[in-house]
Amino acid sequence: PGEVPGAWTPVVLLQGLLLLLPLAALMLYWYNATFHYFCKVGFFNCWIVAMATLLSPFAALRGRSVENMKLLRAAILPLKLFYGIKMQVRGSEHLNNKEPYVIVCNHQASLDLLGMVEVIPDRCVPVAKKELMYMGTVGWACWLSGIIFIDRHKREDAIDVISQTLRVLIFPEGTRNQNKSMLPFKRGAFHLAVQAQVPIFPIVISPYWDFFSSKEKRFTSGTCTIQILPKVETQGLSPKDVPELTETVRQAMADALAEMSANHCGDQHTEQPPLPRCGGGMCQAGLGVHCTTFHP
Ligand SMILES: CCCCCCCCCCCCCCC(=O)SCCNC(=O)CCNC(=O)[C@H](O)C(C)(C)COP(=O)(O)OP(=O)(O)OC[C@H]1O[C@@H](n2cnc3c(N)ncnc32)[C@H](O)[C@@H]1OP(=O)(O)O
Ligand SMILES: CCCCCCCC/C=C\CCCCCCCC(=O)OC[C@@H](O)COP(=O)(O)O
């Protein structure tokens, strides 16, 4: 008793186990939501690292250039197909603009990259935290693509770096946020637009609740809507207008997010914290947003 019968040597047992392992992984992938989630997130990260490693040498031939953003986009675009995520872009006609501008977008998760590459115009670069620069070949690929890195703890340096580019995509929440409401906005993007007197394009990516949640470890397929809102002009505005401008844009984006949430997720309504209302000054300054929307 206790002895392994002749044919069942440890080697055979090991072989059997090795055969069973992929099968067990496959079963887990289909029937265990958490395992499914980690596989998909793992694949996302591996894809990014692999693509960055493959493409960086080609990008390096050109040197640091916003033209390399095209390579980066091409590498990320197919990911939505692997994940079965349908991207719907609304309002893309608003972005037909040859002049400089500042794009502001809500930031939920790394998955925003999929939405970002759908809409980011040519020669426009995102602003990212400097920690991304140290992520091996990923950081190198980002640097080669002209992505602007800021140290969020060094305000003066960050302001200085952001001010040097004028076709820029900024996540004004400053960090990832999957809550039902948007975080208060950082003001850098709005100062930049006012200083350069260029318009702001607000972009809202619909909530991922119905197919992705890092808290609940859920990642299925689904539809994501990217809404490009009408541009907000800054001509004639001065730095003192920045706080009101920031709240006006945030409110327009919060309204769009609330509408998308209601359409997407039936019973999950967004909870918007009370915000300063769109003031008369901004409306009179012709900010290009429909203030009626802000006074329900
Ligand atoms: C195959 C290839 C693989 C590669 C794939 C990878 C691709 C990745 C690409 C995408 C990356 C996306 C990454 C996203 C992120 O990393 S999000 C994190 C970083 N982003 C931000 O932080 C957003 C930008 N932040 C700002 O603009 C901030 O305003 C900042 C300048 C950093 C200052 O922040 P902070 O001090 O925390 O807060 P406030 O905004 O409240 O500002 C404080 C006071 O400073 C005044 N201020 C701000 N900016 C200016 C300015 N330009 N000029 C003058 N004054 C300014 C502001 O008004 C505040 O003062 P008051 O309170 O108004 O008196
Ligand atoms: C040899 C070294 C190898 C390093 C390997 C690194 C592995 C990294 C793998 C994949 C990286 C995916 C990068 C996607 C970046 C998406 C942008 C993003 O979401 O950044 C977070 C930032 O917005 C806010 O950060 P916080 O929410 O404040 O935190």
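1. Two strands count as paired if DSSP finds at least two bridges between them. Strand 3 and strand 5 meet that mark, running parallel over two bridges. Helices (H or I, at least four residues) and strands (E, at least two) are DSSP runs, numbered from the N terminus.

2. Some housekeeping before going on. This is a predicted model, so to speak of local features a pLDDT of at least 70 is needed, side-chain atom pairs count only at pLDDT 80 or more, and totals for chains, interfaces and linings use all residues. Residues are numbered from 1 along each chain as its sequence is written, chains are lettered from A and ligands numbered from 1 in the order in which they are written, and side-chain values use heavy atoms, leaving out hydrogens and water.

3. Back to strand 5, residues 167–170. Buried here means under 20% relative accessible area, exposed is over 50%, and partly exposed is in between (1.4 Å probe, protein chains only).

4. Strand 9 (residues 222–228) is another mostly covered one, with six of its seven residues buried. Strand 1 (residues 85–90) runs parallel to strand 9 and is joined to it by six bridges; Lys86 is bridged to Thr223. Strand 6 (residues 200–205) pairs with strand 9 too, but in the antiparallel sense and over three bridges. In that pairing, Val204 has Gln227 as its bridge partner.

5. Helix 5 (residues 112–119) is worth a look as well: six of its eight residues are buried, namely Asp112, Leu114, Gly115, Met116, Val117 and Val119. The loop between helix 5 and strand 3 (125–129) holds Arg123, which has a positive phi of about 60° without being a glycine.

6. Most residues other than glycine have a negative phi. Gln197 sits in the loop between helix 8 (188–196) and strand 6, and is partly exposed at a relative accessible area of 28%.

7. Now the aromatics. The whole structure has 13 aromatic pairs. The ring centres of Phe212 and Phe219 are 5.0 Å apart and their planes are at 80°, so this pair is edge-to-face. The rule takes rings of Phe, Tyr and Trp (its six-membered ring) with centres within 6.5 Å; planes under 30 degrees apart are stacked, over 60 edge-to-face, and the rest tilted. Both Phe212 and Phe219 are buried, and both belong to one aromatic cluster whose members include Tyr37, Trp47, Phe82 and Tyr208.

8. Two charges sit over rings, meaning NZ of Lys or CZ of Arg within 6 Å of the ring centre and within 35 degrees of the ring normal. Lys40 lies over the face of Phe219, 5.1 Å from the ring centre. Arg250 does likewise over Phe185, at 5.9 Å.
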